[in-house]
Structures are given as structure tokens and as C-alpha cells.
Amino acid sequence: MTINVGVIGFGMGSYHCKFYEANPRSTLVAICDLDAARLEKARALYPKARMYTQYDEMFAKEKLDAVSVALPNVLHAPVTLAALRAGLHVLCEKPMSVDAVAAEEMRQAALQADKKLMIHLNYRFSPASQWAKRFVSEGNLGRIYYARTRWLRARGIPRIGSWFGIKEMSGGGPMIDLGVHRLDLALWLLGYPRALTVSAATHGDLGQRLAREAKAKYDVEDLVSAFIRLENGVTLTLEASWAGGTDQREEMMTGIYGDTGALVQRNMRETYEFETLGLLDVAGALTQVTPKSLPGECASAVDHFVDCVVDDQQPGPSAENGVALMRIIDAVYQSAREGREVRLSE
Ligand SMILES: NC(=O)c1ccc[n+]([C@@H]2O[C@H](COP(=O)([O-])OP(=O)(O)OC[C@H]3O[C@@H](n4cnc5c(N)ncnc54)[C@H](O)[C@@H]3O)[C@@H](O)[C@H]2O)c1
């Protein structure tokens, strides 16, 4: 069986298109974008797909099974809800929405429509991350008590002057853009424990100065740091920046620490290539365990979504994970605004 898919938004959506096009279980039948130049580019790359500027027209005219929503963050909720109403499964880009209320509405709508809703938190989908998950799940770390996770850039505001830096379009800065990936990775490795409290600070002066120099609008943070208490006594520190957070162009790291071992994943040479290593007490010495060869290529996030739709399986990162992340992100911004720790309700 194959499914017909459409992609809405041809920025990051172009990456989704590549996977749908290559997957024998999916057919890319339509692409939607408001931007004529981007649509022309899409037409040249995918001449068999039909092009739209209005997603509701695409829903009405095409026989679609599923769509990817790869739009500015503020549009994730309304367009996902419209797609679910049209009877489609949805792969929604991260962050799930701009706040937890909208995310919960999306989760409920997917349940009611009995459709799959997956969030594109793609950093889980690499052999290194899959190995990390297995290393932790197999109990090598003993009792886990601490985790840290970060994605820092020295100068990396995405397309300064674009919607990314405008709160009402993006929902926030590096926290919601980069931090959401690293937060998901840490919580996924930990088995998604519930967050109990969040204490956080955000800073934005540097971003605003850089935006002024570029004569651009900018009203989100450029750096966030947070301390999160999780159930079972585990604590998590989180950092994310678009500017000023590091001496490196790009610095990512996630560490999970237990009483018999640890797991560390970090990017190499300021790139998007990662190394993952374990630390274990062996023969009285703290010993580094580095996989000599990782398990083979794992499915991409897009391919996983296709498999889940075709085989009627629940996809992960799930809508539940997306809501849990948005509740923490809301609490981060509230804590930063109010200058106090925020307790998450049951
Ligand atoms: N998972 C990842 O690693 C990753 C990486 C980059 C971006 N993203 C996410 O993807 C989403 C899009 O980011 P981007 O970098 O592609 O942004 P972008 O601004 O480059 O692209 C968004 C596209 O949406 C189009 N658009 C806007 N409103 C529309 C509408 N009503 N109907 C149809 N098209 C519309 C725009 O014309 C634009 O081409 C964001 O949520 C971002 O967080 C995820």
C-alpha cells in the first residue's frame, strides 16, 4: 500500500519532499507555498506534483492521506487542525505550536479524528541517537539522577528580520527553536518523565542590538538557561542560544548521568555530525565506551511517519511528547518573565 502526501511550506518542507519522493510507500502528489519563487523551485524539482498556494484548496482537490506542515510556528496549530478536519494524518514540524493550549487542542483533535499526529523532532532519528537510547534503556547508567542538554550558537539568529525573531509568529527564540530539539532528546532518553518545576532566565539585549544593526525587528530571547525538576528526583539543565552562548559556531550536547554510568552525545567540529559515548565503572576505573560500529542506518523521521500511517502504528515523537515539551516551554517563558520558579500542574 502507498499513501498520497502533500507538503505545506517549501522551506524545511523541501527536506520532507525528498524523503516522500524517495520512499516507495509514499507518493508526493502536491506542494503548497504562498511564495511564488519557492513554488517555482518546487515545480522544477517535482514536476509530477501539483502546486498550490492555498492549503484548503489542496485538501479539497487532491486525494491525500497525509500532509507535512512546515510553516512558521504560529501556523502549525491552525493548519494541523484544518488538515485533521479534512481527514488527513499530519507530520507537523517542531515546535508543535506556539503554546501548550494550542498543542493540547491539536492532540485532542487528532484523537477525535483518529488520525496520526507526529512532531518532526528528527534528532532522535540517527544511528547514534538510537544507540544512545538503547544504552540508557538497557540500564547501564543505574539510577539516573541528572541530565543536561544544550544547543548554543555564538552568532546564529536564523535569517535576521524573518518571522523567527518575531514572538507572535514564532512563539519565542532559541528556546522554542533549538532548545525544543535538545529537550526532546534528553526527555526521550530519560523515558519522558513528568516535569514538576521550571526555573529559567532569558536574555535578549544582544539579539536586539544585532537586529538594530541589521535594521530588523526582533522581540524574542537570544539565550535561555533553565533548571527543571523531573519526577523521581531527576534534575535537568537546559541551555539554548542564537547569539553569544559559546565560542563555537554550533555547540550541541546532551548528557545523562546515573550512579553506574553516563551517556554523552555531542556534535563534532561545530558540525551537525555527532559522537556518542558511554561511561561505565569497569574494573575500578571510569571507562569510556565508544561504539566501534553503530547499528545500520535507521529510518528517517519522515520515513517513520509513512510507516506508521501505512502500518497503522503510533508514531513517536508523539503528540503527547509535543504537548509535554510545550508545557515546559510555556513554564520556561513564564518563569523568566516573573523571575521565579514555576510549578507545573498535574
Ligand atoms: N526539524 C528541523 O530540524 C527544522 C529545521 C528547520 C526548520 N524547522 C521548522 O520548520 C518550520 C518552517 O521553517 P522554515 O525554516 O522552513 O521557514 P521558512 O520561512 O523558510 O519557510 C516557511 C514557508 O512557509 C510558507 N508559508 C507561510 N505561510 C503560508 C501559508 N499560509 N500557506 C502556505 N505557505 C505558507 C512561506 O512562504 C515559506 O516558504 C518551522 O516551524 C521551523 O521551526 C525544523
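Visitor: Which residue just after α10 takes a positive phi?

Guide: That is D312, with a phi of about 55°. Do keep in mind that this is a predicted model. Two further residues are worth a look for their backbone angle. Y192 is not a glycine, yet its phi is positive at about 50°, and K215, also not a glycine, has a positive phi of about 55°.

Visitor: Where do Y192 and K215 sit, and is each of them buried or exposed?

Guide: Y192 belongs to the loop between α8 (174-190) and β8 (195-203), while K215 belongs to the loop between α9 (205-213) and β9 (223-230). To read burial, look at the relative accessible area: under 20% is buried and over 50% is exposed. Y192 has 18%, so it counts as buried. K215 has 77%, so it counts as exposed.

Visitor: Let's go back to α10. How should I think about the sides of a helix?

Guide: An α-helix has 3.6 residues a turn, so residues three or four places apart point the same way. As for α10, 8 of its 11 residues are buried, which makes the helix mostly covered. The buried ones are A301, V302, D303, F305, V306, C308, V309 and V310.

Visitor: What covers the buried residues of α10?

Guide: The cover includes the strands β1 (3-8), β2 (26-32), β4 (66-69), β5 and β6 (117-120), together with the helix α1 (13-22).

Visitor: What follows in the loop between α10 and α11?

Guide: P317 lies there, and the peptide bond joining G316 to P317 is cis, with omega about 5°. S318 is in that loop too, between α10 (301-311) and α11 (319-338). With a relative accessibility of 13%, S318 is buried. Apart from neighbours within four places in sequence, S318 touches L117 and I119. For a sense of scale, S318 and S162 are 156 residues apart in sequence, and their C-alpha atoms are 29 Å apart in space.

Visitor: Which residue does K94 join through a cis peptide bond?

Guide: K94 is joined that way to P95, with omega near -15°. P95 is in the loop between β5 and α5, and K94 is found in the loop between β5 (89-93) and α5 (100-113).

Visitor: Is the lysine K94 buried or exposed, and what does its side chain meet?

Guide: K94 is buried, with a relative accessible area of 12%. Its side chain makes a polar contact of 2.9 Å with the side chain of D177. Beyond its neighbours within four places in sequence, K94 has contacts that include N73, H76, I119, H120 and H181.

Visitor: Where is N73, and what does its side chain reach?

Guide: N73 is in the loop between β4 and α4 (76-85). The side chain of N73 reaches the backbone oxygen of S170 at 2.9 Å. N73 is buried, at 5% relative accessibility. Among its contacts, leaving aside neighbours within four places in sequence, are K94, P95, W163 and I176.

Visitor: And how do I read the protein chain as a whole?

Guide: Begin with the elements: the chain has 11 helices and 15 strands. Its radius of gyration is 20 Å, close to the 20 Å given by the globule rule for 346 residues, so the chain is as compact as a globular protein of that length. Of those 346 residues, 55% count as buried. Among contacts with a separation of 6 or more, 68% come from residues 24 or more positions apart.

Methods:
Residues are numbered from 1 along each chain as its sequence is written. This is a predicted model: local features need pLDDT of at least 70, side-chain atom pairs count only at pLDDT 80 or more; totals for chains, interfaces and linings use all residues. Side-chain values use heavy atoms; hydrogens and water are left out. Helices (H or I, at least four residues) and strands (E, at least two) are DSSP runs, numbered from the N terminus. The radius of gyration is taken over C-alpha atoms; the globule rule is 2.2 Å times the number of residues to the power 0.38. Buried means under 20% relative accessible area, exposed over 50%, partly exposed in between (1.4 Å probe, protein chains only). Contact means heavy atoms within 4.5 Å. A polar contact is a pair of N or O atoms within 3.5 Å; within protein, one must be able to donate a hydrogen and the other to accept it, and residues adjacent in sequence count only if both atoms are side-chain atoms.
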